[in-house]
Amino acid sequence: MEPQPRFDGPPPGCPAHQGDGGGEQQGVERVPLYGAEFAANPHAFYDYLRDFGPAGPVELAPGVDAMLVTDYSAALHVLQNPDTFVRDSRRWRALTEGTISPDHPIMALMGYRPNTLFADGAQHVRLRPPVADSLARLDAYRVNRTVEKVSSYLVNQFSHRGSVDLLNEYAKELTFLVFNEFFGCPPEIGDSLIHGFTTMFDGTGDAVEANEVLSRTLYALSVEKRKNPGDDVTSWMIEHPSQLNDEEIAHQLAVTLGAGIEAERNLIAAGLMLMLSDERYFGGIGGGGLLVEDALTEVLWNDPPIANYATHFPVRDVDLGGVPLRANDPVVISFAGANTDPAVSGSQVVSRRAHLAWGAGPHACPAKDSASLIAVGAIERLLNQLPDIELAVPVESLQFRQGAVHRALSTLPTRFTPVRRQRQSAGAEHAAAAQGKQPGQPAAKGGLWSSFLSWWRV
């Protein structure tokens, strides 16, 4: 029997108030994790769901049912028990029974792909080491040097204006450029990847077509690096003793770059929002406030950029702290909900690093060290270059993108005292002119990586 919740109704604004979006399964009204209400105040939804017990019934998208784990201990139990909770979504009951169509948009996030994210057992043991070991070869000096150069390049594009959207013109582009450098992308491949991932993440075009382009592009990157290896993550993955073929490499690149880019840009933007809006952090760079690392730790605890994901499927009917979970029905970890579990947030003995934003268990994020260095460097470098930068709108007016999985700002408008643009070298000016732009203007769509490489190499 389902545990009886102890509440009078859903959080204000939740469509379940009107009964027009909750969905019904076994008599349980499900809480929708989509729409403007959830994007505006997700923690009200997590608080409501906690009254069901360690996990509560949700809709990830219209008609897509799941159980969301909001209890910290229960989340750790699921993440650390791969024999009971597996990641292979081909087991998904709704998919095998035809309730969910194979071409449903949610399949972009939950559909099986032969990569380490969806692998279990021996397959996971084979696929994860090439990714984890290669990412571990990125040393702190290289990460910091790359972030510094990319930040300088981007700030030089807008410093003369006195205003900038730090999400779309800084955090997003910095993440693309840094990842392209680490993965050794040639100009044409890097431009294609940026265009494809932008389409996928931001909904700026045909997502199906973008996915196909990305698949071909990542396969081409593997083929290119096998012929011409370099000092980069892609080449290291190819050289790994696991001996993955080009198709396997392309699938690992897709999950590594896709998850990394989306999470990293959202982490940088959220850290900047907190630094610029909270008096505890304001002036933290040389101004006596708390450090960037402290701001990012707070983001990772309270509003991690990947808020609800890590979909698992119980191999049999199980009981999770009094909540029955059916075999082969999706169980999603709320990293945001688990981190803010009152039993944890009220404890005085929990380590600052004990949050679940990077996951836990065999599928824990293998890039957390590099991701943290990138975010810290990106924020510190920006604030050092534009020390009087401030939000251009009240923090309460900022909008978040809708969706169950991410916690992501739509924009982050800021203003500052204009700074004279650094003079480009003759080679960089020539490269810009060759692309039909004035020196210092942003790259044309699809040409960001090529433009940056022209600047980098002179």
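Mentor: Buried means under 20% relative accessible area, exposed over 50%, and partly exposed in between (1.4 Å probe, protein chains only). The model is predicted, so local features need pLDDT of at least 70 and side-chain atom pairs pLDDT 80 or more, while totals for chains, interfaces and linings use all residues. Residues are numbered from 1 along each chain as its sequence is written, and side-chain values use heavy atoms, without hydrogens and water.

Trainee: How many residues of helix 12 are buried?

Mentor: Helices (H or I, at least four residues) and strands (E, at least two) are DSSP runs, numbered from the N terminus. Helix 12 covers residues 246-277. It is largely enclosed by the rest of the structure, because the buried residues number 27 of the 32.

Trainee: How far does helix 12 reach from its first C-alpha to its last?

Mentor: The expected span is 1.5 Å times one less than the number of residues. For the 32 residues of helix 12 that expectation is 46 Å, and the computed reach is close to it, at 46 Å.

Trainee: Which residue in the turn between strand 4 and strand 5 has a positive phi?

Mentor: Strands pair if DSSP finds at least two bridges between them. Strand 4 and strand 5 (residues 64-69) run antiparallel, joined by 6 bridges, and G56 stands opposite L68. They form a hairpin with 2 residues between them, and the phi of about 85° belongs to G63.

Trainee: What is the bridge partner of P32 in strand 4?

Mentor: Strand 4 (residues 55-61) has 7 of its 7 residues buried. Strand 3 (residues 31-32) runs parallel to strand 4, with 2 bridges joining them. In strand 4, P32 is partnered by E59.
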